Amino acid sequence: ASLVGVALGVAIGRIRILADLAEPLVHFGRAVPPPVAVPFFLFVFKAGTPMEIASIAFGAIWPVLVNTIDGARHIHPGQLETARAFRLGPVQTLARVVLPAAAPKIFAGLRLGLAVALVMMIVAEFTGSTDGIGWEVSTAQATLDMPVIWGAIVLLGLLGIVLNLIFAAAERRVLAWQRGPARTG
């Protein structure tokens, strides 16, 4: 979802005709609550891992795609003018201007996509799995096994914290240039 969202988002954000054609579909897709699409993926893929992956990817792609479109579209014209003055080709302009300028918005979308992916993992496991945290919670709920339910809630909270810490460390590393030089004194 992340790779597809970034690639499509940059294309839609930079190519006007593609934006005109794709944006109504993007707005339609992001308006569909991801858990509502789980029965559709269950019908298409049947219960199992492919259904879970499709459900998670469907939920996670929208924040990445929308933020990437916004980041790629709103690049300062002076940056693009400088790229033209230095006669950078399309690939060099993409790598040296567009992606770095859009990176903060892309990372914001990736962070949101990560949170949605975690939620969609649980929702998909509620309905289309015979194992996993969501399945355990669903089974425990049916038998009113409160220790298992609370254990799953704590586990999901800890998983969310760990994933967020890992993502934040990667984001700090990739966007280190944005913070500027370290202050001394």
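In which helix is the place of Ile122? Ile122 lies in helix H6, where helices (H or I, at least four residues) are DSSP runs numbered from the N terminus. The structure is a predicted model, in which local features need pLDDT of at least 70 and side-chain atom pairs count only at pLDDT 80 or more, while totals for chains, interfaces and linings use all residues. Residues are numbered from 1 along each chain as its sequence is written, and side-chain values use heavy atoms, with hydrogens and water left out.

The pLDDT, the predictor's confidence in each residue from 0 to 100, averages 88 over the protein, and 96% of the residues score at least 70.

Ile122 counts as buried because its relative accessibility is 11%; buried means under 20% relative accessible area, exposed over 50%, and partly exposed in between (1.4 Å probe, protein chains only). Apart from neighbours within four places in sequence, Ile122 is in contact with Ile133, Gly134 and Leu156, contact being heavy atoms within 4.5 Å.

Helices H2 (residues 16-31) and H4 (residues 49-73) have axes that come within 11 Å and cross at roughly 145 degrees. These axes are lines fitted to C-alpha atoms over the stretch in contact, and angles run from 0 to 180 degrees between N-to-C directions. In this pair, Arg16, Ala19, Glu23, Val26, Gly29 and Arg30 of H2 meet Phe58, Trp62, Leu65, Val66, Ile69 and Arg73 of H4.

A nonpolar core is a set of buried Ala, Val, Leu, Ile, Met, Phe, Trp, Tyr and Cys residues joined through side-chain atoms within 4.5 Å. The largest such core has 17 residues, of which Ile12, Val26, Phe41, Trp62 and Leu65 touch the most other members. Two or more residues of this core come from each of H2, helix H3 (38-45), H4 and helix H6 (90-128). H4 gives the largest share, seven residues. A second, separate core has 16 residues, including Ile75, Ala83, Ala102 and Leu110.
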